[in-house]
There are 2 protein chains.
Amino acid sequence: MKSRTTCCRELERWLEPATFKALGEPSRAALLMLLAGTPGPRTVGELAAELPIDLSVVSRHLKVLKDVGVVTAERSGKEVRYRLACGDLVHMLRNLADALESCCPTGITELEAGR
Amino acid sequence: MKSRTTCCRELERWLEPATFKALGEPSRAALLMLLAGTPGPRTVGELAAELPIDLSVVSRHLKVLKDVGVVTAERSGKEVRYRLACGDLVHMLRNLADALESCCPTGITELEAGR
DNA sequence: TATATATTTGCACCATGGTGCATTTATGCA
DNA sequence: TGCATAAATGCACCATGGTGCAAATATATA
């Protein structure tokens, strides 16, 4: 098990507020699920067609997700194809879980969780 | 590997916007790190003493974290001891990571991550 | 160049929410 | 009961940000 000071550095590294704020907005969470729901990239128009919000708003949400590295964008002619950065996201979540687990004394944790 | 429809249900289950919104606020992220940084519970006053915000604000932030299950509260005399629900949080993060991984075709994912 | 389509950006509106101060509530003790 | 301490709540202020519409930009094609 890592030391407590080490786990705190790890926590600070992976608990990026901007990323969680990006994922914490319902419309953006819906976008993420749409992107995860089908293989391959999707255009802004395709995504907007499946949500009850304006295309321009979808474009802005995708920019937010791109800025925190949750999605990647690639222009293809007139369209821009957005793709979920699945590997990076999974990597972040697992590292954060590991960091938290390093911090929390397992015994107490299990007790608290009531299992 | 789970089917795509299954992974979407799992995603919807674990990608709770309220939880991520709670973690996406810098002051609350700081609270989480303080709670993870030392073993055992902390009182509102102790936590407020380590942050540049008013005690009342800390109290409110802790309520938000409690409402989404990130921390637990236990009154002990005049004090209220807040504790990180570490096990639940780790559980949620790992399940979310698994759901995402089930959705994303691994080959494409690895390519995107540039590894 | 002119036109059409896809996306982004400027703008204004408005809801949400983070903040501090003052007050209230909860608890323990004399 | 009265007083002191810890925490929560009411309130007002203000910054942030989600939203739609219109205009601007990017790209392909005639």
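**Ground rules.** I am working with a predicted model, where local features need pLDDT of at least 70, side-chain atom pairs count only at pLDDT 80 or more, and totals for chains, interfaces and linings use all residues. Residues are numbered from 1 along each chain as its sequence is written, chains are lettered from A and ligands numbered from 1 in the order in which they are written, and side-chain values use heavy atoms, with hydrogens and water left out.

**Symmetry.** I laid chain A on chain B and got an RMSD of 0.0 Å, with a turn of 180° and a shift of 0.0 Å along the axis. The two copies are thus related as by a two-fold rotation axis. The same surface serves both copies, as 98% of the contact residues of chain A recur in chain B.

**Aromatic pair.** How many aromatic pairs does the structure hold over all chains? I found 1. The ring centres of Phe20(A) and Phe20(B) are 5.4 Å apart and the planes are at 15°, so I log the pair as stacked. (Rings of Phe, Tyr and Trp, the last by its six-membered ring, pair if their centres lie within 6.5 Å; planes under 30 degrees apart are stacked, over 60 edge-to-face, the rest tilted.) Phe20(A) sits in helix α2 (residues 17-23) of chain A and Phe20(B) in helix α2 (residues 17-23) of chain B, so the pair joins two chains. Helices (H or I, at least four residues) and strands (E, at least two) are DSSP runs, numbered from the N terminus. Phe20(A) is buried at 0% relative accessible area, and Phe20(B) is buried at 0% too. Buried is under 20%, exposed over 50%, partly exposed in between (1.4 Å probe, protein chains only).

**DNA strand C.** I count 25 residues around DNA strand C, the closest being Ser59(A), Tyr82(A), Asp54(B), Arg60(B) and His61(B); near means a heavy atom within 4 Å. I noted phosphate oxygens at 2.9 Å from a polar backbone atom of Gly45(A) and at 3.1 Å from a side-chain N or O atom of Ser27(B).

**DNA strand D.** Which residues come nearest to DNA strand D? Of the 24 around it, they are Asp54(A), Arg60(A), His61(A), Ser59(B) and Tyr82(B). A polar backbone atom of Asp54(A) is 2.7 Å from a phosphate oxygen, while a side-chain N or O atom of Ser56(A) is 2.9 Å from a base nitrogen. The largest share of this surface, 4 residues, comes from α5(A).

**Arg42(B).** I placed Arg42(B) in strand β1 (residues 42-43) of chain B. Arg42(B) counts as buried at 11% relative accessibility. Its side chain makes a polar contact of 2.6 Å with the side chain of Thr38(B). (A polar contact is a pair of N or O atoms within 3.5 Å; within protein, one must be able to donate a hydrogen and the other to accept it, and residues adjacent in sequence count only if both atoms are side-chain atoms.)

Key
Least-squares fit on C-alpha atoms with pLDDT ≥ 70 in both. Contact = heavy atoms within 4.5 Å.
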